[in-house]
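Here is a short report on a ligand site and a sheet. Look at the structure first, then read on.

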Amino acid sequence: MSSPIPRASALGRPGPRIRGVSILGSTGSIGVSTLDVLARHPERFRVAALTGNTQVARLFEQCRLYNPDIAAMLDTRAAAELQNRINQAGLSTQVLAGEAGLSHAAVLAQSDIVMAAIVGAAGLMSTLAAVRAGKRVLLANKESLVMSGHILMQEANRSGAELLPIDSEHNAIFQCMPAGYRPGTSDRGVRKILLTCSGGPFRTTPLSLLAGVTPDQACAHPRWVMGRKISVDSATLMNKGLEMIEACRLFGVAPDQVEIVIHPQSVIHSLVAYTDGSVLAQLGNPDMRTPIAHALAWPDRMESGVDPLDLLEIGRLDFERPDPERFPCLRLAAEAAMAGGTKPAVLNAANEVAVSAFLGGAIGFTDIPRVIEHALAQVAMHPETELDVILADDARAREAARRFIAMLSDRPMRGAQ
Ligand code: NAD
Ligand code: MG
């Protein structure tokens, strides 16, 4: 879909202006789904910028197909290799490198919309750059909201940026909020938010086996195909803990107004309970192209490629209370949310380090909450939440988590028989 031509309307007037889109993290799971949706609407959108970390082959292929103005890679060697391949193929895409390259893709004049889909705290600075530039920002990068949601909201107010949630639950909640609702504000009619989750791959696994589960088992999510970090988060339910904090940031509610409900079919993506007793829900097949298409077209609707929901085929919808013994990460996230200040950033940073150590085979699955609990106890909370204070506590938490992991790695792996 390179250089699509706008269709003229039936009256001979030019069609609506084509909106430029930058995708931060285009080589990942959300990035690929976003390109799939955009390719269905060449008359409405064009790809202005794509970014990746190290995956040259995939980013080159995306440049070949979508012909963006800019392609940026965090890794400078990968960027040089991409530049070579772009030159050889005779493409006009300009290649940029490093964090500055990512942020440039986020603020590009020809981009009206920025998909923030880098995984982890690594996505914070480019997301913030897009918000400061007043873009429509499609927020998939939940970690940046957990770390510094209030800063993103303040900056959006200042610049006029439109923040639209992509996380399926938060997109569902946004769809259930009153017309005209603006993320970051409170609505007095909302009593509670019900955040649904599938329960992940270990919902019914005997507790005694959890210490020995492998990264591949943890990443085999029963309903969603996602990147490996969020897949592990979905197995520990830290994903739901992060999402609880994300919901507080986005919808102006207190942590005790967010209730987590396990719903194994993943058909109801979340619900909003109002003071008059009404409960509104958003339903659909579990496919991220629905929230992506919703936020791209908002306030319109457009085709996403997702199959229509067939309730009769699904037959039943079940709900369960999460088991605190099985999912200790939920308690840790709730405590961090209640404490406030830099605690959510510490929780997030320690979790990133622990998940990466688990994926790399250095620690077991049940060590993940132990690492996080240790870091939360080690790093004193700062009530001030300026960006530099948040980043300093993020770094302290990573260091505390790494030291604890090094200590754990010196002992024989628990449960790995
Ligand atoms: P992924 O691992 O599939 O992709 C991550 C992307 O970020 C890739 O393009 C990668 O190149 C890039 N990246 C990784 N490290 C980077 C770094 N240090 N600097 C710059 N770029 C880097 O992840 P994903 O599943 O697509 O998730 C992306 C974000 O969306 C996460 O924050 C996740 O929590 C959120 N999210 C994902 C889903 C889903 O279904 N996959 C659903 C809801 C929310
Ligand atoms: Mg989610």
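Which polar side-chain atom lies 2.7 Å from an oxygen atom of ligand 1? That atom belongs to T27. This is a predicted model, where local features need pLDDT of at least 70, side-chain atom pairs count only at pLDDT 80 or more, and totals for chains, interfaces and linings use all residues. Residues are numbered from 1 along each chain as its sequence is written, chains are lettered from A and ligands numbered from 1 in the order in which they are written, and side-chain values use heavy atoms, with hydrogens and water left out.

**The ligand site**

Polar contacts are pairs of N or O atoms within 3.5 Å. Some of them are listed here.

| Protein atom | Ligand 1 atom | Distance |
|---|---|---|
| T27, polar side-chain atom | oxygen | 2.7 Å |
| N53, polar backbone atom | oxygen | 3.1 Å |
| A140, polar backbone atom | oxygen | 3.4 Å |

The protein covers 88% of the 820 Å² of accessible area that ligand 1 has on its own (Shrake-Rupley method, 1.4 Å probe). Helix 1 (29–39) and helix 6 (142–159) each give two or more residues to the shell. Helices are DSSP runs of H or I with at least four residues, strands are runs of E with at least two, and both are numbered from the N terminus.

Four strands form an open sheet in the order 9-8-10-11, with mixed pairing. Strands pair if DSSP finds at least two bridges between them. Strand 9 (258–262) and strand 11 (279–283) are the edges. Strand 10 (residues 268–274) runs antiparallel to strand 11, joined by five bridges. There, V272 stands opposite L280 in strand 11.

Methods: Polar contact = N/O pair within 3.5 Å; in protein donor to acceptor, adjacent residues only side chain to side chain.
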